[in-house]
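Welcome! Please take a moment to look over the sequence and the 3D view below, and then we can walk through them together.

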Amino acid sequence: MKVGVSFLSSKDIVRDLKILNDTDVDYIHVDVMDGKFVPKKTMPFKEMRHISDFTDKRLDVHLMVEDASKYIPLYAELNVEYITIHVEIDEDIEKDLKLIKSYGIKAGLSIKPDTKVSELVPYLPYVDQILIMSVEPGAGGQSFIPESENKINEARALLKSYNMNAIINVDGGVKDSTIKMCHNADMVVSGSYVVLSDNFQEKISSLR
Ligand code: DX5
Ligand code: ZN
């Protein structure tokens, strides 16, 4: 199981990024919120870009924003492996996924807990990562929604039936007691479980 860590709940981002750099975490998961798609706002890109000064890890950027096409070129400058947008936004999803790929970056498409897995179907040819939200996007520290397990399994079946090999990632409330519900995923994102603990590596290892 690959593991990405979100620093959304960090009390000291620089300190936590430095600690994470010495773990075997696969990705730093960067949550971006605009105050429109979700109520809260994260720091502007001119501040967020500095995370690359404190980590050698590749980034898995999660855009919880309405105007994704404005954010994609900014985040494409960083050491990014994936940029993920939400299928629920009003933009032209196919165009945005192609924009991500035009930078040589892998494209992700995310669904909120109330969005059906079938919404992903038209975009599967352009998708390298399916991100299943296992909490309502917008805040760290929420509880894993158990129905997410079925969505992971549905996404797995969908990829198989269309003969596609995108990865399945799961985001929200992932910890030792919920990881078993993610066994059909390729990757999980964990935030507060790791960054609010006193042993990051131990917590990351418990998810693999
Ligand atoms: C939720 C974010 C998640 C979240 C993960 O809106 O997209 O990445 O911060 O944090 P935990 O693991 O605390 O749910
Ligand atoms: Zn996220």
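## Before we start

A word about burial comes first: a residue is called buried when its relative accessible area is under 20%, exposed when that area is over 50%, and partly exposed in between, using a 1.4 Å probe and protein chains only. Helices (H or I, at least four residues) and strands (E, at least two) are DSSP runs, numbered from the N terminus.

This is a predicted model, in which local features need pLDDT of at least 70 and side-chain atom pairs count only at pLDDT 80 or more, while totals for chains, interfaces and linings use all residues. Residues are numbered from 1 along each chain as its sequence is written, chains are lettered from A and ligands numbered from 1 in the order in which they are written, and side-chain values use heavy atoms, with hydrogens and water left out.

## The barrel

Eight strands form a closed barrel in the order 1-2-3-4-5-6-7-8, and their pairing is parallel. The average twist from one strand to the next is 25 degrees. Angles here run from 0 to 180 degrees between N-to-C directions, with axes taken as lines fitted to C-alpha atoms, for helices over the stretch in contact. Two strands are said to pair if DSSP finds at least two bridges between them. In general, the strands of a sheet pair through backbone hydrogen bonds, either parallel or antiparallel.

For one example, look at strand 2 (residues 27–33) and strand 3 (residues 58–64), which pair in the parallel sense over seven bridges. Here Met33 has Met64 of strand 3 opposite it.

## Strands 4 and 5

Strand 5 is largely enclosed by the rest of the structure, because five of its six residues are buried. Strand 4 (residues 80–86) pairs with strand 5 in the parallel sense, over five bridges. Within this pairing, Ala107 in strand 5 is the bridge partner of Ile83. To get from strand 4 to strand 5, the chain passes through helix 4 (residues 93–102), and this β-α-β crossover is right-handed. The word right-handed means that, with the strands pointing away from the viewer, the path from the first strand over the helix to the second runs clockwise.

How many residues of strand 6 are buried? Five of the five are, so this strand is largely enclosed by the rest of the structure.

Strand 6 has a parallel pairing with strand 5 over four bridges. Ser110 is opposite Leu131 of strand 6, and Leu109 is opposite Ile130. Strand 6 also pairs in the parallel sense with strand 7, over five bridges, where Ile168 is the bridge partner of Ile130.

Helix 5 (residues 148–161) lies across strand 5 (106–111), strand 6 (129–133) and strand 7 (167–171), and runs at about 160 degrees to strand 6. Together, strand 6, helix 5 and strand 7 make a right-handed β-α-β unit.

## Three loop residues

Phe144 sits in the loop between strand 6 and helix 5. With a relative accessible area of 8%, Phe144 is buried. Not counting residues up to four places away in sequence, Phe144 touches several others, including Val135, Val170, Met181 and Cys182; contact means heavy atoms within 4.5 Å.

Asn163 belongs to the loop between helix 5 and strand 7. It counts as exposed because its relative accessibility is 72%. Asn163 has a positive phi of about 55 degrees although it is not a glycine. Most residues other than glycine have a negative phi. Ser9 lies in the loop between strand 1 (2–6) and helix 1 (13–21), and at 18% relative accessibility it counts as buried.

## Around ligand 1

Ligand 1 is surrounded by 18 residues, and the closest are Gly138, Gly141, Asp171, Gly191 and Ser192. A residue is included if one of its heavy atoms lies within 4 Å of the molecule.

A backbone N or O atom of Gly138 is 2.7 Å from one. A polar side-chain atom of Asp31 is 2.8 Å from an oxygen atom of ligand 1, and an N or O atom in the side chain of Ser6 is 3.4 Å from an oxygen atom of the ligand.

Note on methods
A polar contact is a pair of N or O atoms within 3.5 Å; within protein, one must be able to donate a hydrogen and the other to accept it, and residues adjacent in sequence count only if both atoms are side-chain atoms.
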